[in-house]
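Below is a short report on one predicted model.

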Amino acid sequence: MRIVGGPKFRRLCLTLVIVIGSTSISRAAEIVAINDEVVLTGEIKGGDYEKFKLVVRDLPSSTVVRLQSPGGSTLEGISIGEHIRDRGFYTFVANADCASSCALIWLSGVKRWIGTNGRVGFHQSYTVNGSNRLTPSIRGNALVGGYIGRLGYGYAAISFAIAAPPQEIRWLNVRTAQRYEISYRHGNPPGKGYAIPRRTVDVLSPEEMYSLAYERYHLKRYSEAVDLMQAAATAGYAPAQSQLGLLYENGDLVQKDPRRALKWYLRAAKQSDATGEFFAAFYFFLGEEVGEDKLEAVRLWRSAANKNDPEAEFMLGELYAMGEVFKKDLVQAEYWYRRALSHGNLDARKELQRIGAD
């Protein structure tokens, strides 16, 4: 979408560009078994441990658990990790990031690998206090320390895992791994062929096609990745519809096509998918590819925000802070910025400082 209007519009559009260009928007975890691997992607939330147990129930020891997640619930991550260790599974981060509670899961592998472009990162467990600030959790970090100790690591590894404050991530590398006694192997697990599934698309569920699309993308098999994402979206899988919209929005792997992007966003939004709602709202706000309807844009942003989407919460804060659509209201702006910050949008901290609320 082109940038139109005055400074306030430009600021909103700049936010859109920043968010669309980011890969950090996190969604609920998907856990699927594909051949002899388990793939876990997305944010780790309540109930994921039970989901994980069900998926891996009949799998043998030495099964590889491939991880791609920004983290999430500490307790769920620890529970998944303990189950991995009990079952004798391996853990692997390929060409992706695995941080926070995902990194705790990765530690649990009987054998551990990090691919050439993979990263594993740690920070302190935290709670959100009454002012919506991220505060290190003494109890949470004690649980993390006990868990890491039970896995057989020493105090050095524990100190590394809980050293970074909640707003930061400390990434593992060769030097820190040696210093803090966290061993792992570079590259891919032997004999796994980088987990190229042998099953064809016609026997995969939409969720499996969605996960497989990311695998093919990291293998730089882009046309296959797009085909799989398209298939999952056409089958009605809302996260795939949102991601396909992003591809057309950015012209990433496909020809840029805002009209198609909006079509897929709206299909996802009809299923109450927060990502689809968030991005579709910009089209209504700016009147691009659809008639301008700011009230519809606000409705979509508010719906996404009510699902704790940090980017939508941030946008509502922007609208109140700038007096767009709503009457300028810094109390409401502070409320939405603090919610966004509590759910991981660190740009909200700068806006809180700008309006004198932090």
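Gly88 follows helix α3 and has a positive phi, near 70°. Helices (H or I, at least four residues) and strands (E, at least two) are DSSP runs, numbered from the N terminus. Residues are numbered from 1 along each chain as its sequence is written, and side-chain values use heavy atoms, with hydrogens and water left out. As the model is predicted, local features need pLDDT of at least 70 and side-chain atom pairs count only at pLDDT 80 or more, while totals for chains, interfaces and linings use all residues.

**Overall**

The chain has 16 helices and 11 strands. It holds 358 residues, of which 51% count as buried. Buried means under 20% relative accessible area, exposed over 50%, and partly exposed in between (1.4 Å probe, protein chains only). Contact means heavy atoms within 4.5 Å. Among the contacts in the chain with a separation of 6 or more, 58% come from residues 24 or more positions apart.

**Helix α3**

Helix α3 covers residues 74-87. The expected span of a helix is 1.5 Å times one less than its number of residues. For the 14 residues of α3 that gives 20 Å, and the end C-alpha atoms are 20 Å apart, so the two agree.

At the start of α3, a side-chain oxygen of Ser73 comes to within 3.2 Å of the backbone nitrogen of Glu76. This is a polar contact: a pair of N or O atoms within 3.5 Å; within protein, one must be able to donate a hydrogen and the other to accept it, and residues adjacent in sequence count only if both atoms are side-chain atoms.

Which residues of α3 are buried? They are Thr74, Glu76, Gly77, Ile78, Ile80, Gly81, His83 and Ile84. An α-helix has 3.6 residues a turn, so residues three or four places apart point the same way. The buried residues of α3 pack against strands β2 (37-41), β3 (64-68) and β4 (90-93). They also pack against helices α2 (48-56), α4 (101-107) and α5 (138-150).

Two strands pair if DSSP finds at least two bridges between them. β2 and β3 pair in the parallel sense over 5 bridges. Val38 stands opposite Val65 in β3. The chain crosses from β2 through α2 to β3, and this β-α-β crossover is right-handed. Right-handed means that, with the strands pointing away from the viewer, the path from the first strand over the helix to the second runs clockwise.

β3 and β4 run parallel, joined by 3 bridges. Arg66 has Phe92 in β4 as its bridge partner. The crossover from β3 through α3 to β4 is also a right-handed β-α-β unit. Arg66 and Phe92 are 26 residues apart along the chain, yet their C-alpha atoms are separated by 4.8 Å. Of the 5 residues of β3, 4 are buried. Arg66 lies in β3 and counts as buried at 7% relative accessibility.

**The open sheet**

A mixed open sheet has 3 strands in the order β5-β7-β10. Its edge strands, β5 (97-99) and β10 (170-171), each pair on one side only. β7 (residues 119-122) and β10 pair in the antiparallel sense over 2 bridges. Gly121 has Trp171 in β10 as its bridge partner.

Most residues other than glycine have a negative phi, and most peptide bonds are trans.

**Aromatic pairs**

Rings of Phe, Tyr and Trp (its six-membered ring) pair if their centres lie within 6.5 Å; planes under 30 degrees apart count as stacked, over 60 as edge-to-face and the rest as tilted. The count comes to 14 aromatic pairs. Phe282 and Trp301 have ring centres 5.0 Å apart and planes at 80°, so the pair is edge-to-face. Phe282 lies in α12 (residues 274-286) and Trp301 in α13 (residues 294-305), so the pair ties together parts 19 residues apart in sequence. Both Phe282 and Trp301 are buried.

Tyr335 and Trp336 form an edge-to-face pair, 5.0 Å centre to centre with 75° between the planes. Tyr335 is partly exposed at 38% relative accessible area, whereas Trp336 is buried at 3%.

Ring pairs also link Tyr265, Phe278, Phe279, Phe282, Tyr283, Phe285 and Trp301 into a cluster.
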